[in-house]
Amino acid sequence: MISIFQSIEKFRTLPANANDSFEIGRNIFKRFVKEYAEFEVILPDSLRKRLTDIFDSEKQNLDRNIYDDAKDYVYITLRDDDLVRYVNSDVHNKAYFATPR
């Protein structure tokens, strides 16, 4: 999951004139956003469609902030749902409490 944050941050910090920015942006899309992607993250349909439309149009000049809403959604989901469930799980408790302190 951390990989999506690193990839988006790398994309956001590309120079404005970077020739490969479209390819880097599209690789993030293919790896994390596209349905059935290898590391697909769960996003609202409207957000996934907006990103899909951008890459289907092959618009070469991408805004460096196109993934901000996706990044925020993933972060909030992790913070408010996934992390809470993990901390309350048997897996976490066994691992945490088995570690000598």
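**Figure 1. Asp 80, a partly exposed residue, and its salt-bridge partner Arg 79.** Asp 80 has a relative accessible area of 45% and is therefore classed as partly exposed (buried means under 20% relative accessible area, exposed over 50%, and partly exposed in between, with a 1.4 Å probe and protein chains only). Arg 79, at 42%, is likewise partly exposed. The two side chains meet in a salt bridge, with an N to O distance of 2.6 Å (a salt bridge is a side-chain nitrogen of Lys or Arg within 4 Å of a carboxyl oxygen of Asp or Glu). Elsewhere, salt bridges with shared partners join Glu 9, Arg 12, Asp 68 and Lys 71 into one network. The model is predicted: local features need pLDDT of at least 70 and side-chain atom pairs count only at pLDDT 80 or more, whereas totals for chains, interfaces and linings use all residues. Residues are numbered from 1 along each chain as its sequence is written, and side-chain values use heavy atoms, with hydrogens and water left out.

Figure 2. The structure holds 8 salt bridges. One of them pairs Glu 9 with Lys 71, whose closest N and O atoms lie 3.1 Å apart. Glu 9 is partly exposed, at a relative accessible area of 33%. A further salt bridge joins Arg 50 and Asp 69, with 2.9 Å between the closest N and O atoms. Arg 50 counts as partly exposed at 40% relative accessibility, and Asp 69 is partly exposed with a relative accessible area of 40%.

**Figure 3. Helix 2 and its buried residues.** Helix 2 covers residues 21–33, and its 13 residues should span 18 Å at 1.5 Å a residue; the end C-alpha atoms are 17 Å apart, which agrees (the expected span is 1.5 Å times one less than the number of residues). Among the buried residues of this helix are Phe 22, Ile 24, Ile 28, Phe 29 and Phe 32. The buried residues of helix 2 pack against helix 1 (2–12) and helix 3. Ser 21 lies in helix 2 and counts as buried at 6% relative accessibility. Residues up to four places away in sequence aside, Ser 21 touches Phe 11, Leu 14, Leu 62 and Arg 64 (contact means heavy atoms within 4.5 Å). Arg 26 is also placed in helix 2 and, at 18% relative accessibility, counts as buried. Beyond its neighbours within four places in sequence, Arg 26 is in contact with Phe 55 and Glu 58.

**Figure 4. Ser 7 in helix 1.** Ser 7 is buried, with a relative accessible area of 17%. Leaving aside neighbours within four places in sequence, Ser 7 contacts Ile 28, Arg 31 and Phe 32. Ser 7 and Glu 35 are 28 residues apart in sequence, and their C-alpha atoms are 18 Å apart in space.

**Figure 5. Tyr 36 in the loop between helix 2 and helix 3.** Although Tyr 36 is not a glycine, this residue has a positive phi of about 65 degrees. Tyr 36 counts as exposed, at 74% relative accessibility.

**Figure 6. A nonpolar patch on the surface, formed by Leu 83, Tyr 86, Val 87 and Val 91.** Together the four residues have about 370 Å² of accessible area (Shrake-Rupley method with a 1.4 Å probe; for residues, only the protein chains shown count as cover). Patches are made of residues with over 30% relative accessible area and no salt bridge, like charges being joined within 9 Å and nonpolar side chains (Val, Leu, Ile, Met, Phe, Trp, Tyr) within 5 Å. Helix 4 (residues 68–87) supplies the largest share of the patch, 3 residues. Val 91 is found in helix 5 (residues 90–98) and is exposed, with a relative accessible area of 59%.

Figure 7. The chain averages a pLDDT of 87, and 94% of the residues score at least 70 (pLDDT is the predictor's confidence in each residue, from 0 to 100). Where pLDDT is low, the predicted coordinates should not be read in detail.

Key
Helix = DSSP H or I, 4+ residues; strand = E, 2+ residues; numbered from the N terminus.
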